[in-house]
Amino acid sequence: MKRICVLGAGRVGATLALDLAQDGAFEVTVADRSHVALDRLAAKGLRTHLADLAQPGAVQEAVAGCDLAVGAVPGFMGFTTLQAVLEAGRPMVDISFFPEDPFRLDGLARDKGLVAVMDAGVAPGCDNFILGDVVRRVDRVTSFECYVGGLPVVRTWPFEYKAGFSPVDVVEEYTRPARYVAHGQEIVMPALSEPELMDFPGIGTLEAFNTDGLRSIIRTVKAPFMKEKTLRYPGHIEKMRMLREAGFFSTEPVELNGVPVAPMDLTTRLLFPLWQMGEGDEDFTVMRVIVAGEKDGRPVRETWDLLDRYDRATGTTSMARTTGYTCTATVRLVAEGLWSEPGVAPPEVVGMKAGCWDFIRRDLAKRGVQWTRRDGTACP
């Protein structure tokens, strides 16, 4: 039985920990600093470990007895957490979506002979796996597009949005410059830029905007056109741009009655309670991935769609399901030795190995997260 240590007991961390614990092949321990979150998991039979994961020493202590670590901390902690795990000599699958360059840790992982799969969630994650699998099967990829959003079923004014994952990471999406590729050149645009309206069956019209979701793909896949956009209900972009341009997302302190205050601290204090998923709040995840290329001199095009909904039976949000179960599928992939290459590997690199994307999507399908082709063909 392999010993797994899940770092982070938030909504997604708890979901993936429970999924792994139901697998007879794993003994799961969850580490977090929150007594409340750990008590909730302990009541369901999981082992818990109280730790301040912002401290590298605490991370290394938490993973000391495990065979594989799983990173589910907020993005701003992700890089140092992965580094601490690798320095402790443990392999890792990570979903923290940190802004730093993960390949800075590639040498460390290779020197220690450790697997480190990053961005193993729904997006980045599934879209990367799909792209890697297509790269493997065609002669040349000419374009890659990904559109993804997690949204509440009930639209509540003023934001018509609730966060299915860390709200801190949501704000990061609205402030971090977005990179995409056009005519073979890397283009940098502000987040929330270049809006477009798109229709999705069963959902209706959503607006798409630039976010920095390509990440490692810019380095690992050479295609002349590549972009990733986030989906929200129409009107959300303008609200977020207003807050950003007015300075509400700034981390630079301003003086207020003689006291320095970071606008971001006040904004998050006000926004996060409005964005928090409440008990029984239902959500959905919608995603479309389009990859075009050439095979034997002929054009090829693959479109993959995902529409996943809140699980009423278990009370699990769709974003936790799609992100957490992609991560657990990746854990099983590594545990079974289907991916064993030392070094930092983003999902598109893993997807370039035959059978890896098939394994991931079949594992997802077992949990009701079903990818389909545009023509409606199910992919079991």
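Q: Is Glu160 buried or exposed?
A: Glu160 is buried, at a relative accessible area of 19%; buried means under 20%, exposed over 50% and partly exposed in between, with a 1.4 Å probe and protein chains only. This is a predicted model, in which local features need pLDDT of at least 70, side-chain atom pairs count only at pLDDT 80 or more, and totals for chains, interfaces and linings use all residues. Residues are numbered from 1 along each chain as its sequence is written, and side-chain values use heavy atoms, leaving out hydrogens and water.

Q: What is phi of Glu160?
A: Phi is near 50 degrees, a positive value in a residue other than glycine. Glu160 sits in the loop between β7 and α7; helices (H or I, at least four residues) and strands (E, at least two) are DSSP runs, numbered from the N terminus.

Q: Which peptide bond is cis, with omega near 10 degrees?
A: The bond from Trp157 to Pro158. Pro158 is in the loop between β7 (140–152) and α7.

Q: Turning to α10, where does the kink lie?
A: At Arg269, shortly before Pro273, with a value of about 25 degrees. The bend at a residue is the angle between axes fitted to the seven residues ending there and the seven starting there.

Q: What do the buried residues of α10 pack against?
A: They pack against α7 (167–175), α9 (236–245), β13 (254–256) and β14 (259–261), where contact means heavy atoms within 4.5 Å. Among these buried residues are Met264, Leu271 and Trp275.
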